[in-house]
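Hi,

Here is the structure I promised to pass on.

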Amino acid sequence: MGRRITLLLNELWFLLIAVLFIGFFFLEGYDFGVGMATRFVARNETERRMLINTIGPFWDANEVWMITAGGAMFAAFPNWYATLFSGFYVPLVFLLLLLIARGTAFEYRAKVDHPKWSGTWDWAIFIASLLCPFLWGVVFSTLVYGLPIDKNMNMHATFASIVHPYSVLGGILITLLCLYHGLVFLCLRTTDELQQRARALAKKVFWILAVAALAFISVTYFVTDLFAKRGAFLYPIYALDVIVLILSAVFLSKKRDGWAFGMNAGVILLTVASLFVGLFPRLMISSVTPAYNLTVYNSASGSYSLTVMTIVAITLLPFVLGYSIWSYYVFRKRVTKDHHLEY
């Protein structure tokens, strides 16, 4: 009985970490998208400030989901955390530096009224918003593709082990998904010409995103074992994914922006969930031999640690969610030219 409870806790924390990453890509996804849109939608300093202020009250809280996911990995699956973060040390440090530069840019761009000052920080926002989702896409794609992990759970990855056509395609897909998500978010949060430009660009990005999504699903079928392992779940998930993505474009064209945003949220949920479903019960796939795979069972903390963490999580989660819902309610109004532009 005790062993069964331990296994259930292992699986529960795998599910919770998947939920945290889904929440991160849903919330931080539109932040990244808006950051990219500052170079395509805004045409002057005022419009760029308006775009940034649409995410101003939320972006820092949204990043907490990533930090919490990393902390949960460290506490629940220390072997997964150690292998992942040591093997991906360079790209993850680069990702961290990009997030620092982006956060600094949000806070400092409006401190000095000079075109070169704000322009430099604007480029930092754009580049970080572009590369962060791309790097996350590369990381998650390599997890399902397989990495050289030995019997001691050490990853001996080279540049070619991480950067290859499949991982690059995954990075492009996540980047496009975040850009589309951000543009639909702008349709909800802006008015007049900014909203029209965001809608027009979103319609164009949709077609590129649709091609990238179909290409990624097709390549995943041939170069990974996800469909062989979890095909009974993945076939309906990806079918629903495609349907929901099409619905988001339909609602967008009908100017039902709330529904379009909700549908695209479903796309993100299904896309990220499909990777975790395909992996389970594995955490990282070894390209050396399946015997060296990291799983929810051989990489987990002890039963006592997982039990305490579960109690703490259940206790604190309602407060965190309540605060998030309250902050979105307070800052629910659209950003206009008459709005106080803090950033």
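The largest cavity is lined by Leu173, Leu177, Leu209, Ala213, Phe216, Ile217, Tyr238, Asp241, Val242, Leu245, Val267 and Thr271. Please keep in mind that this is a predicted model. The space in this largest cavity comes to about 120 Å³, and the structure holds 3 cavities of 30 Å³ or more. Four helices, α8 (165-189), α9 (192-223), α10 (226-253) and α11, each bring at least two residues to the lining of the largest cavity. By class, that lining has 10 nonpolar residues, 1 polar and 1 charged.

The second largest cavity has a volume of about 100 Å³. Its lining consists of Phe25, Trp136, Gly137, Phe140, Ser141, Gly170, Leu173, Ile174, Phe216, Thr271, Val272 and Leu275. Here α6, α8 and α11 each supply at least two residues, with α6 giving the most, 4 residues. This lining divides into 8 nonpolar and 4 polar residues, with no charged ones.

Thr271 deserves a look of its own. Is Thr271 buried or exposed? Its relative accessibility is 10%, so Thr271 counts as buried, the cut-off being under 20%.

The largest pocket has a volume of about 700 Å³. It is lined by 27 residues, and Leu20, Thr68, Ala313, Leu317 and Val320 are the closest to its centre. The elements that give two or more residues to this lining are α1 (2-37), α3 (59-76) and α12 (303-330). The largest share, 13 residues, comes from α12. The lining of the largest pocket has 22 nonpolar and 5 polar residues, and no charged ones.

The second largest pocket, at about 350 Å³, is lined by 17 residues, with Met66, Phe85, Leu92, Leu95 and Trp136 nearest its centre. At least two lining residues come from each of α3, α4 (78-87), α5 (89-108) and α6 (115-145), and α5 gives the most, 5 residues. This lining has 16 nonpolar residues, 1 polar and no charged.

Best wishes

Note on methods
Residues are numbered from 1 along each chain as its sequence is written. This is a predicted model: local features need pLDDT of at least 70, side-chain atom pairs count only at pLDDT 80 or more; totals for chains, interfaces and linings use all residues. Side-chain values use heavy atoms; hydrogens and water are left out. On a 1 Å grid over the protein atoms alone, a cavity is a set of points where a 1.4 Å probe fits but cannot get out, and a pocket is an open set with protein on both sides within 12 Å along at least five of seven lines; lining residues have an atom within 4 Å of a point. Grid points are joined across faces, edges and corners, and a volume is the space filled by probe spheres set on the points. Ala, Val, Leu, Ile, Met, Phe, Trp, Tyr, Cys and Pro count as nonpolar, Asp, Glu, Lys and Arg as charged, and the others, Gly among them, as polar. Buried means under 20% relative accessible area, exposed over 50%, partly exposed in between (1.4 Å probe, protein chains only).
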